[in-house]
Structure formats: C-alpha cells, structure tokens
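These are my notes from going through one structure, entry by entry. I wrote down what I looked up and what I found.

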Amino acid sequence: MQHWLIIGLGNPGDKYADTRHNIGWMIAVALAQLCKVEFKDGKGNWKQAESSLHGKKITIILPLTYMNNSGQAAGD
C-alpha cells in the first residue's frame, strides 16, 4: 500500500493561529477532521494523525516548531 506523508507547515501559538502563516496547519487539521482522526503526540517535536484515504495510508504531521525549523519534524 502506498503511504503519504502530509506535513502541515505553520507556526505554534495563538499569535499565528488564524494567519496566512498557518495555512498548511489549517489544511492538515481539516484533512484529519475529514478522515475522522485525532492528533496525538509524535515521537519528536510534532503531533501526528494516521488514517487511510482512497486506499492509501496517510500520516498527517503538525510540526510544533516555527516554520524555519519545521524540517526538524520532517527529517525525523
């Protein structure tokens, strides 16, 4: 089965919550809601949700770092 990794880039905290800086995060949260899954703590500095969509396994990642450091979650 094919596996998709979707990383919703954004910035943590209330300051950026509903700004253009968090569009990636908002889309990732919307996808998790569509798949009816909840985010749980990942094994690093991120939250993750797992599901399947159209026969493909998906892992949705929300980095808990600022945009400039989001590669830390993607690289782990």
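**Entry 1. The hairpin**

Which residue takes a positive phi in the hairpin of strand 3 and strand 4? I found that histidine 54 does, with phi near 55 degrees, in a hairpin that has 2 residues between the strands. I placed histidine 54 in the loop between strand 3 and strand 4. With a relative accessible area of 74%, over the 50% cut-off, histidine 54 is exposed.

I then looked for a positive phi elsewhere and noted lysine 36, another residue other than glycine, with phi near 60 degrees. Lysine 36 sits in the loop between helix 1 and strand 2. Its relative accessible area is 76%, so I put lysine 36 down as exposed.

**Entry 2. Confidence**

This is a predicted model, and I checked its pLDDT before going on. The mean for the protein chain is 89, and 95% of the residues reach 70 or more. Among the elements, strand 2 (residues 40–41) has the highest mean pLDDT, 96. Helix 2 (residues 71–75) has the lowest, 69. Where pLDDT is low, predicted coordinates should not be read in detail. I kept that in mind for the rest of the notes.

I went through two of the pairings. Strand 3 (residues 46–53) runs antiparallel to strand 4, and the two share 8 bridges. Strand 1 pairs with strand 4 in the parallel sense, over 5 bridges.

For strand 4 I also looked up bridge partners. Lysine 56 in strand 4 is the partner of leucine 53. Isoleucine 58 in strand 4 stands opposite serine 51, and isoleucine 58 is also the bridge partner of tryptophan 4.

Is strand 4 mostly covered or mostly open? I found it mostly covered, as 6 of its 8 residues are buried.

I listed the contacts of isoleucine 58, leaving out residues up to four places away in sequence. They include His3, Trp4, Leu31, Cys35 and Ala49, and also Ser51 and Leu53.

Isoleucine 58 turned up again in the largest nonpolar core, which has 10 residues. I wrote them down as Trp25, Ala28, Leu31, Ala32, Cys35, Val37, Ala49, Ile58, Ile60 and Leu62. Helix 1 gives the most, with 4 residues. In soluble globular proteins, nonpolar side chains tend to be buried together.

**Entry 3. The loop between strand 1 and helix 1**

I looked at asparagine 22, in the loop between strand 1 (3–7) and helix 1 (23–34). Is asparagine 22 buried or exposed? Its relative accessible area is 1%, and the cut-off for buried is under 20%, so asparagine 22 is buried. A polar atom of its side chain lies 3.1 Å from the backbone oxygen of tyrosine 16. Apart from neighbours within four places in sequence, asparagine 22 is in contact with Leu9, Gly10, Asn11, Tyr16 and Ala17.

Aspartate 18 is found in the loop between strand 1 and helix 1 as well. At 72% relative accessibility, I noted aspartate 18 as exposed.

**Entry 4. Aromatic pairs**

How many aromatic pairs are there? I counted 1. The ring centres of tyrosine 16 and tyrosine 66 are 6.2 Å apart and the planes are at 80 degrees; planes over 60 degrees apart count as edge-to-face, so this pair does.

The pair links distant parts of the chain, 50 residues apart. Tyrosine 16 is in the loop between strand 1 and helix 1, and tyrosine 66 in the loop between strand 4 and helix 2. I recorded tyrosine 66 as partly exposed, with a relative accessible area of 46%.

Methods. Residues numbered from 1 in each chain as written. Heavy atoms only, no water. Buried < 20%, exposed > 50% of the residue type's maximum accessible area, 1.4 Å probe, protein only. Polar contact = N/O pair within 3.5 Å; in protein donor to acceptor, adjacent residues only side chain to side chain. Contact = heavy atoms within 4.5 Å. Core = buried A, V, L, I, M, F, W, Y, C linked by side-chain atoms within 4.5 Å. pLDDT = per-residue confidence, 0-100. Phe/Tyr/Trp six-rings, centres within 6.5 Å; stacked < 30°, edge-to-face > 60°. Pairing = 2+ DSSP bridges.
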